[in-house]
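Please load the model in your viewer and keep the selection tool at hand. The stops below say what to select and what is there.

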Amino acid sequence: LAARLSDLNRNIEEVVMQSIWCAIDCVSNGIRYRFFDPNGPRLSVVTDETPLVDRYFTCPEKLLATPADAEKLATSDKAKFIMACNGWVMNADPLKNFAE
């Protein structure tokens, strides 16, 4: 049983690590595009208005200071207004509803 559990854990660990490396790759490619790519906006300074990484979600609240604030929003009536910016998240057409 212990050997089987180790195999299952190892398989899941590989899947998780692939996801982590994919996320790191996406973030670094986004930074490269925003600040260095000749086809990108070529931002020169990281500020509140031009953050290092674009937002992956658009939500009705301007400032979510803590994870508790985000959780409160996600479980409120305003949760239906939280939108994933899927053009960045999964290289999809941002004008198409990816939830259908």
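How many residues does helix 1 have, and how far does helix 1 reach from its first C-alpha to its last? Select residues 2–35: helix 1 has 34 residues and reaches 49 Å. That is close to the 50 Å expected at 1.5 Å a residue. Helices here are DSSP runs of H or I with at least four residues, numbered from the N terminus, and the expected span is 1.5 Å times one less than the number of residues.

This is a predicted model, in which local features need pLDDT of at least 70, side-chain atom pairs count only at pLDDT 80 or more, and totals for chains, interfaces and linings use all residues. Residues are numbered from 1 along each chain as its sequence is written, and side-chain values use heavy atoms, with hydrogens and water left out.

Next, select Gly-30, Ile-31, Arg-34 and Phe-35, the buried residues of helix 1. Buried means under 20% relative accessible area, exposed over 50%, and partly exposed in between (1.4 Å probe, protein chains only).

Now select Cys-22 and Cys-26. Cys-22 is partly exposed at 46% relative accessible area, and Cys-26 is partly exposed at 36%.

Last, select Met-17, which is found in helix 1. Met-17 is partly exposed, with a relative accessible area of 35%.

Terms used
Helix = DSSP H or I, 4+ residues; strand = E, 2+ residues; numbered from the N terminus.
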